[in-house]
Amino acid sequence: MIYDEDKIYATPSNRIEEFRFDNKVAGVFDDMIRRSVPGYSQIISTIGDIAAKYITSNSNIYDLGCSLGAATISIRRNITNSGCKIISVDNSPSMIERCNENISAYKSQTDVELICADICDIEIANASMVVLNFTLQFLAPEQRLALLKKIFNGLNSGGVLVLSEKLYFEDEVIQEFIDNEHLDFKRANGYSELEISQKRTALENVMRTDTLDTHRKRVQDAGFQHFNIWFQCFNFASMVAIK
């Protein structure tokens, strides 16, 4: 597959603006994710597998923070249940526009509703599956539990939440080790030291990561009794909670 190459941080800048999911990022997002997030394709593929097992007929599926629609498309390809609707939400107009183009390229009996809005303002109802794929980390920490409670309340019994996040490690030695491995991953994928440094600065006050224990406690406080991590590569993980 050919991607538009991510060169956003390739030129030295005296002032690094905060990272935003604008048209510039949307245009290279596929390449950015592929070169920055180890295991991303496996996570997307498995989200489809989970959908095939857990989605029930006549229910809603929510992809919150859908970006270009990778998880939505994976879900849509893997479900055969009747009466289902995927509700895909992102607060970036540029992402929603490109997501619509991607989704339109795949024909399916399952309807998709695209909504450009704050995911915290979305009503969750009659849900058999909710996906937060590297989304929660961009919300203000004080908003995270309230969103998870809303998701729990809107999930049907037996419904599933997939939560993918970049993790933070309290053990400083482990954090340094994992950081170095991730940096090597990005270098191996063609990012320069300048690009790595400038993007880190752009994300510094935008993406605030949590430890696995923090995620576990928050998910349990939201009402879930069944929770665990199912995938991890370096500091990137995907977790599942079942109602």
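Trainee: Is C120 buried or exposed?

Mentor: Keep in mind that we're looking at a predicted model. Buried means under 20% relative accessible area. C120 comes in at 18% relative accessibility, so C120 counts as buried.

Trainee: Which residues is C120 in contact with, leaving aside its neighbours within four places in sequence?

Mentor: For a contact, look for heavy atoms within 4.5 Å. With those neighbours left aside, the list for C120 is L139, Q143, L147 and K150.

Trainee: Which residues have the most contacts inside the largest nonpolar core?

Mentor: That core has 38 residues. The residues with the most contacts inside the core are I47, I55, I61, I75 and M129.

Trainee: How much space lies in the largest pocket?

Mentor: Rolling a probe the size of a water molecule over the atoms shows where empty space is left. For the largest pocket, that space comes to about 1,200 Å³.

Trainee: Which element gives the largest share of the lining of that pocket?

Mentor: The lining has 47 residues, with F21, Q137, F138, L203 and M207 the closest to the pocket's centre. They divide into 24 nonpolar, 13 polar and 10 charged. α1, α3, α6 (172-188) and α7 each supply at least two lining residues. The largest share, 5 residues, comes from α6.

Terms used
Residues are numbered from 1 along each chain as its sequence is written. This is a predicted model: local features need pLDDT of at least 70, side-chain atom pairs count only at pLDDT 80 or more; totals for chains, interfaces and linings use all residues. Side-chain values use heavy atoms; hydrogens and water are left out. Buried means under 20% relative accessible area, exposed over 50%, partly exposed in between (1.4 Å probe, protein chains only). A nonpolar core is a set of buried Ala, Val, Leu, Ile, Met, Phe, Trp, Tyr and Cys residues joined through side-chain atoms within 4.5 Å. On a 1 Å grid over the protein atoms alone, a cavity is a set of points where a 1.4 Å probe fits but cannot get out, and a pocket is an open set with protein on both sides within 12 Å along at least five of seven lines; lining residues have an atom within 4 Å of a point. Grid points are joined across faces, edges and corners, and a volume is the space filled by probe spheres set on the points. Helices (H or I, at least four residues) and strands (E, at least two) are DSSP runs, numbered from the N terminus. Ala, Val, Leu, Ile, Met, Phe, Trp, Tyr, Cys and Pro count as nonpolar, Asp, Glu, Lys and Arg as charged, and the others, Gly among them, as polar.
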